[in-house]
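Student: I would like to learn how to read a structure feature by feature. Please take me through this one.

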Amino acid sequence: MKRIKSGIPGLDELIEGGFPAGRTYLICGEAGAGKTTFALQFIYYGAQHGEPGVFLTIDEKPEHVVEDAESLGWDFRKFIEDGKILMAEITPYFSGVGKIPHQKIIEEIRALISQIGAKRLAIDPIAPLVLGGGGESATAQTAIRGYIRNLIHALDDIGITTIATSEIPTGTNQLSRYGVEEFLASGVIVLSFRRGETGFKREIYIRKMRGVNHSMNIYSYVIKKGLGIVISL
Ligand SMILES: Nc1ncnc2c1ncn2[C@@H]1O[C@H](COP(=O)(O)OP(=O)(O)O)[C@@H](O)[C@H]1O
Ligand SMILES: [Mg+2]
């Protein structure tokens, strides 16, 4: 099976050379863990290696995301001008009543992908694609889960390799907001913090990777200007 390199130094060795192509992977972690950095690095590496990418933010100005990338030493502007990276913002849909128009959002994403012939997609983060603070009614939650299922299946049908980030509410054991994202994704990578004597250490592990004989170890990593996430093997 074709592999898509993550662009994260140290990671591809742990997953037999890269992500199996054409599927959706969830990057989970608490605030500040490095999820956005991971997604930017995945897209930037692709742009450098002939695999154009769409970076989709939800209700966040793409301009801010570009500035964050520049703070890490990555020249997104050059690739945006060259049509190798497309930054896009999608407005969430209301989850209040009735059906969520997943078809509409999927069409929007499909149009962005074909605009630059993207091979990679990052959705940062996936849950707020549907509005709601987590206090939705049971009916609304069921609708949202159905919507997320449709979205991930549609992305897999398109054949694009997708990194979707998922915010772990601090202090919980959850991996995602709605509790289905990790089941639907083909792989799950967890970024976490460990309290040490003098402060927090960053740790990464692969929780799930379908069809891959992956490492089950926990590795340390750092976030460095110019390199982004670097795993110590
Ligand atoms: N330019 C930089 N150089 C070094 N570290 C950085 C830089 N930019 C961000 N970081 C580190 O990355 C963290 C934010 O990572 P981010 O990917 O935004 O996390 P998340 O999306 O999981 O909330 C910051 O808290 C900081 O520790
Ligand atoms: Mg983020």
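This is a predicted model: local features need pLDDT of at least 70, side-chain atom pairs count only at pLDDT 80 or more; totals for chains, interfaces and linings use all residues.

Student: What span should α1 have, and what is the distance between its end C-alpha atoms?

Tutor: The expected span is 1.5 Å times one less than the number of residues. For the 14 residues of α1 that gives 20 Å, and the end C-alpha atoms are 20 Å apart, which agrees.

Student: How many residues of α1 are buried?

Tutor: Buried means under 20% relative accessible area, exposed over 50%, and partly exposed in between (1.4 Å probe, protein chains only). In α1, 11 of the 14 residues are buried, so the helix is largely enclosed by the rest of the structure. Among them are Lys35, Phe38, Leu40 and Tyr44.

Student: Which residues come nearest to ligand 1?

Tutor: A residue is near a molecule if one of its heavy atoms lies within 4 Å of it. Of the 13 residues around ligand 1, the nearest are Gly32, Lys35, Thr37, Ser71 and Arg202. Helix α1 (residues 35-48) contributes the most to this shell, three residues.

Student: Where are the polar contacts of ligand 1?

Tutor: A polar contact is a pair of N or O atoms within 3.5 Å. A polar side-chain atom of lysine 35 is 2.7 Å from a ligand 1 oxygen, and a backbone N or O atom of glycine 32 lies 2.8 Å from an oxygen atom of ligand 1.

Student: Which residues lie on each side of β4?

Tutor: In a regular strand the side chains alternate between the two faces of the sheet. For β4, one side has Gly53, Phe55 and Thr57 and the other Val54, Leu56 and Ile58, all buried.

Student: How many bridges join β4 to β5?

Tutor: Two strands pair if DSSP finds at least two bridges between them. Six bridges join β4 to the parallel strand β5 (residues 85-90), where methionine 87 is the bridge partner of phenylalanine 55. β4 also pairs with β6 (residues 120-124), in the parallel sense, over five bridges.

Note on methods. Residues are numbered from 1 along each chain as its sequence is written. Chains are lettered from A and ligands numbered from 1 in the order in which they are written. Side-chain values use heavy atoms; hydrogens and water are left out. A polar contact is a pair of N or O atoms within 3.5 Å; within protein, one must be able to donate a hydrogen and the other to accept it, and residues adjacent in sequence count only if both atoms are side-chain atoms. Helices (H or I, at least four residues) and strands (E, at least two) are DSSP runs, numbered from the N terminus.
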